[in-house]
Amino acid sequence: MTVPFPESGRPPSAVPLSPAERAKARAKLARRWAGQISTTEYVPLEPEEFQRTLDDMVDALVDAARAEPFQAHPATAHGAELVAAGCTGPAALQHTMDVLGKGLLALPELAGLPRTAERVVLLLGALAAGYSEAVRLHTLSQQDTMLKALRVALQDTRRELVLAHGRFEHLLACTSSGVAVTDAEGRFTLVNDGLATILGQPKEELPPGSLFEVSHPEDVAALRNAYRSLLSGRVARVRNEHRLVRADGERVWAVLSLAAVRPGEPGAQVVAVVEDSSELKLLQGQMNRQALHDRLTQLPNRQYFGSNLERVRRQADPSTGITLYHLDLDGFSLITHGLGRAVGDLVLDTVARRLKAVVAGEQAMVARFGADEFALLVQNGPGTPDVVRMIQRITAALAEPLYVGDSGLAATACIGVVDRPARDLSGEELLEAAELALARAKRNGCAQWALYDPFQDARDREWASLAAALPGAWETGQLTVAYQPVSTMDGERLLGVDALLHWDHPRRGPVRHEVCADLAEQTGLIMTLGVALLRRACAQLRDWRERLECDLPLHVPLTANQSADPDLVGHIRSIVDSTGLPADRLWLGMPAPALVNPGGEAAENLRLLAAAGVRIELLEFSTTAADLACLEDLPVRAVRVAGWLVERQAHRGGRDTLVAGALRELARLVRAAGVRVVVAGVETPEQAEWWRSIGADAARGGHFAPAGSPERFEELL
């Protein structure tokens, strides 16, 4: 359709715009278009390439709208380009119509065109037609590809059937196991040489009757029951020990495996596989020992230890009970890495012998659980040493040097102890309790030991259950991103917004950001979860900037592992580019302890991000010289006072203490360096006034506003 110009022959323009202004308006429309599609559709193109594609389309559509004579058909090709870019989902066209329908009409350079709305509608109609045709052709192409794949699959299946038949014949000929195919009455229809060898006669001379005739008379009834169960479909297969009778009358122990072919149908068959187990019977004792003992030290393994634990627990004298020690050698990997695996094995064997010597006079068992973990189970008697003396004996025995060449090696261990447990605890629960006590001892450093504490055990289990449930909480929406304002100390003005993790746990209730981040840090989920939080928060800030003209900076705290992530800079650049958020509106917080090494990965990430325009603030900042060195050596814009210092000062009620004086001096030094002082966790007016009095610039906390959903934060804007 052609729409003529007015008589003047020139396209009118209500508002004269410079080329830069026109380009900026078009680019903004293209970004909005890309943002709407990207939030609901998977786009295979890189964000930059996709944005350039939409930029070109917007330019072409605007030029077409302004062209004289006006023609709508060129927009058809742009619909096909959209499909070629991978936007084939159900919402892509809807978002395109919504964004372009409003955005083109709002462009100043189209204002004043004759019948502007009509031109835009015709252009969008042509674009939609091109999009629909391209989607149709794309679908037909996919269907054609699928049909070709099905034909190839059918050919492969036929070829595989021929190969399977050949493999089955080869298997029958080569296997030493006996194989027979019988009818529903057990009569042989196919027998291989392996079965004939087990029965001691050529297969041509096997009884023409059935498998029942070569079975031991006492096992025939069980075999018939197995046939009935298989042929009725009640069971899929049967495997048990079975006795056969050779031609010379000798009995043969075998493992008989039976499976039915087309059970419940006419002509059903049973496939029998016979494995001669006579030699296995002879080796069974040796195999049992190997299965229950460690190969290197010959100590019982965890399986044997666990079963013996149940027996000892039941038999122990209630007045003295039992004591379980779970050991983990400290720094064992240093021995294997430095001196080799053979030396490490020698150390393990020596540790095993010394532990056995420690409890030589007791009713006790020593076991190796694997790697560098050992366990002692002591059935206490009147003369059994108490836990402290037993720990001393174990420590002294391990500390005695073992000389390998010129190296004198010694071992230390962390030990978890369960002493005289309640009789209602099962063996598995005792092992779990010892593991938790050991983990608690290891958290305190090397050569430590800890007693099982049921209350601490419950707390450790609760923590572990939270950590295990964290990934599912993010997927189900229990774990979300909450937003809390960063305000001036008087609360009169917002200076930024913190993006924090918030978990609405169905049983525990709200779980704050610091706990969620610590759980994610310990489980390794922080890398994935941190990127998702950043992406969601940046997209939310972009939405506020567009809808509410909110230009507050976004503050996102990182953990130590996130700060040292080699991919951190790449993730940040991708997120900033895809969301359109200016880099200088993003403030990333990095823990000061992670930046102590100026040549470390975290410090390098900090420098690269700062060079890219991202603002950096130090988290957990305290009065140490190392923290002040970070402030001096790295390009940071703000510091956040360590949470434990904020809590300590809150508990002191603002009294003038040594720590308070140090904080005043710290604030003075930081501000003298041109760096902002931020305090998190300010809950009362008195706390806010105290921090203001020492020179803090900004704060967040319950005194100003609690963390909440995006909708709740919008109420503060």
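**Close-up 1. Salt bridge between Arg-239 and Glu-275 in the predicted model.** The two side chains meet at 3.1 Å, N to O. Arg-239 belongs to strand β3 (residues 237-245) and Glu-275 to strand β5 (residues 269-276), and the partners are 36 residues apart. Arg-239 is exposed, with a relative accessible area of 54%, whereas Glu-275 is partly exposed at 29%. The structure holds 34 salt bridges.

**Close-up 2. Salt bridge between Arg-368 and Asp-294.** The N to O distance is 3.2 Å. Arg-368 lies in strand β7 (residues 363-370) and Asp-294 in the loop between α8 (278-292) and α9 (302-315), so the pair ties together parts that are 74 residues apart in sequence. Arg-368 has a relative accessible area of 11% and is buried; Asp-294 is buried as well, with 15%.

**Close-up 3. Asp-498 and Arg-640 within a network of salt bridges.** The side chains of Asp-498 and Arg-640 meet at 2.6 Å, N to O. Asp-498 is in strand β14 (residues 494-505) and Arg-640 in strand β19 (residues 638-641), 142 residues apart. Relative accessible area is 1% for Asp-498, which is buried; Arg-640 counts as buried at 8%. The network also includes Arg-512, Glu-514, Glu-617 and Arg-700.

Close-up 4. Phe-212 sits in the loop between α6 (193-199) and α7 (220-232), and Tyr-227 in helix α7, 15 residues apart. Both residues are buried.

**Close-up 5. Nonpolar surface patch at Leu-150.** Met-146, Leu-147 and Leu-150 make up the patch, which has about 330 Å² of accessible area together. Leu-150 is placed in helix α5 (residues 116-174). With a relative accessible area of 52%, Leu-150 is exposed.

**Close-up 6. Helix α4 (residues 92-106).** At 1.5 Å a residue, the 15 residues of this helix should span 21 Å, and the end C-alpha atoms are 21 Å apart, which agrees. Buried residues of α4 include Ala-92, His-95, Val-99 and Leu-104.

**Close-up 7. Ala-184 and Arg-228.** Ala-184 is found in the loop between β1 (178-182) and β2 (188-191). Ala-184 counts as partly exposed, at 35% relative accessibility.

Technical notes. Residues numbered from 1 in each chain as written. Predicted model: local features only at pLDDT ≥ 70, side-chain atom pairs only at ≥ 80, totals over all residues. Heavy atoms only, no water. Helix = DSSP H or I, 4+ residues; strand = E, 2+ residues; numbered from the N terminus. Buried < 20%, exposed > 50% of the residue type's maximum accessible area, 1.4 Å probe, protein only. Expected span 1.5 Å × (residues − 1). Patch = residues over 30% accessible without salt bridge, like charges linked within 9 Å, V, L, I, M, F, W, Y side chains within 5 Å. Areas by Shrake-Rupley, 256 points an atom, 1.4 Å probe, with all protein chains shown as cover. Salt bridge = Lys/Arg side-chain N within 4 Å of Asp/Glu carboxyl O.
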